[in-house]
Amino acid sequence: EPVRAASFDASRVEIRDAHLPGNATEAVTLSSSSSAGSDAYHLVVQLGDRDVYAIKQKPPLGQNRNTTYCGVRSGTVLDCGAGGMEGNRNLAGVRQAIKVLPDVTAPDLVSFALDLDANALVLTFDEPVNVSSIDPVLRDVYLHAGATEEDDFVTLSCSKVPASTETWNATVAIELCQRDFNALFATPALCRRVEACYLSHVFGLAADSAAPPNSAKTRGINAALEASAILPDVTPPVVTTFGLDLDTGTLSFEFDEVVHLKTFDVSTITLQSARFNDFLGTRTLSAANGTECFYEEVNATSASVRLGRDDLDAVKALAGVGLALDIHSTFFSHAPGLVEDVSGNPASELQSYKGFAANNFTSDSTPPKLLSVQKISMTKKLLYVVFDEPVDHEGFNRGHWFLSRLEDGGRYSLGDDATVEVVDPFTEEDGGVLADDKAPYSSIMTLRLG
């Protein structure tokens with residue numbers, strides 16, 4: 001008999017994959033988003049988007065007749081036997097589907113967002129997809145700075161969907177690997193704002209729950225999606241490795257993200273001989289001494305610092321109080337603002353009592369070079385000799401020193417005079433200028449002649 005469409009109660013209808021509720025593995029109770037058409041013997045129910053989504057999210061529902069049953073409780077509809085809204089309630093029952101028309105429409109990516117702080121690319125499809133079917137590397141996912149082939153772009157090379165207990169969902173988060181994240185940030189203007197962030201992909205980025213599954217079609221650059229949202233990076237960069245090469249006079253740093261090297265401030269760096277700064281074997285660098293950050297790419301994950309002459313000499317001199325003797329006596333700390341990442345976040349302070357240990361160290365293997373005899377003071381009987389770097393005055397060997405008026409003339413060996421001594425610049429003014437006031441080393445050696 002005909003039933004009244006207006007009396008249809010969707011909440012009393014259940015779609016499940018077995019005749020008996022106890023045997024069902026998947027079931028969906030319809031919601032108010034589904035509604036019936038006109039009064040009829042055959043009531044047509046238009047499934048709402050919410051219910052279609054729920055059914056597609058729970059295969060094997062709706063895949064074939066053998067996995068599709070409809071159960072209705074008493075009172076789902078009323079017949080037309082009485083006026084008004086009165087009528088006889090239907091009897092409860094379960095029926096297997098007579099026919100199932102399969103889903104043949106491919107899922108479509110409808111929006112995406114980029115979370116630069118969480119390193120995540122969030123994709124939203126128009127229906128639930130198999131989360132495990134998404135492989136952004138195999139399916140060539142591209143991020144573009146514009147919607148043309150001439151615009152800069154990055155191809156995801158190692159990013160992936162993290163393991164999850166969720167199999168079907170319309171929203172899927174791709175975890176950007178560090179290499180892809182760094183490539184993104186190393187490309188100027190790419191995805192810094194939604195108007196400069198587009199996504200394209202090849203065929204098969206995702207598959208839906210149909211049997212057989214439908215694969216997402218290619219979305220080329222001519223149909224690239226513009227980002228719906230970009231959540232900014234608010235996390236400061238952090239040093240991950242640090243090294244000192246005393247032979248070349250350079251420092252090396254690696255960061256956990258791309259940094260803008262024009263903002264690198266060498267004057268924030270303090271080298272120290274221990275994790276906890278004792279303020280003895282320490283040297284704070286300064287750009288005024290010629291120390292500088294040098295680079296080829298202004299946006300990079302690594303930085304190199306060339307020590308100026310005064311800073312390098314001071315570090316070498318401080319070996320006398322334990323700084324940079326080896327990898328175990330080489331640490332660094334820095335004040336706030338060592339460098340900024342490409343989003344403008346400055347590095348937080350690395351306190352001196354939390355010194356960062358060197359990951360690599362190269363000792364000074366280049367012998368000091370005698371540059372000149374500065375002058376001889378006959379009044380004080382002092383001889384000043386200048387080297388190209390600080391020298392250990394305790395290493396003075398008289399037997400290796402000779403004085404001569406002419407290059408080829410006769411010479412006088414200082415080894416023959418036991419009274420010749422090195423003047424300690426740490427205790428006497430005549431000893432010369434110290435490389436650092438905490439260590440008795442300098443590049444000028446003063447000899448007192450007998």
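Predicted model: local features only at pLDDT ≥ 70, side-chain atom pairs only at ≥ 80, totals over all residues.
Let me begin with the largest pocket, whose volume comes to about 1,600 Å³. Its lining is made up of 42 residues, and those closest to the centre are Ile15, Leu43, Val45, Cys70 and Ala97. If we ask which elements give two or more residues to that lining, they are the strands β2 (13-16), β6 (69-72) and β8 (93-96), together with the helix α1 (49-56). Of these elements, β8 gives the most, with four residues. Sorted by class, the lining of the largest pocket holds 28 nonpolar residues, nine polar ones and five charged ones.

Turning to the second largest pocket, we have about 520 Å³ of space, and here 27 residues form the lining, with Pro368, Glu389, Pro390, Val391 and Asp392 the closest to the centre. At least two lining residues come from each of α3 (309-317) and β28, and β28 gives the most, with four. By class, the lining of the second largest pocket divides into 17 nonpolar, six polar and four charged residues.

Is Met378 buried or exposed? Its relative accessibility is 65%, and because the cut-off for exposed is over 50%, Met378 counts as exposed. Together with Val373 and Ile376, Met378 forms a nonpolar patch on the surface, and the three residues have about 320 Å² of accessible area together.

Terms used. Residues numbered from 1 in each chain as written. Heavy atoms only, no water. Patch = residues over 30% accessible without salt bridge, like charges linked within 9 Å, V, L, I, M, F, W, Y side chains within 5 Å. Areas by Shrake-Rupley, 256 points an atom, 1.4 Å probe, with all protein chains shown as cover. Salt bridge = Lys/Arg side-chain N within 4 Å of Asp/Glu carboxyl O. Buried < 20%, exposed > 50% of the residue type's maximum accessible area, 1.4 Å probe, protein only. 1 Å grid on protein atoms, 1.4 Å probe; cavity = no way out; pocket = protein on both sides within 12 Å on 5 of 7 lines; lining within 4 Å. Points joined across faces, edges and corners; volume = space filled by probe spheres on them. Nonpolar A, V, L, I, M, F, W, Y, C, P; charged D, E, K, R; others polar.
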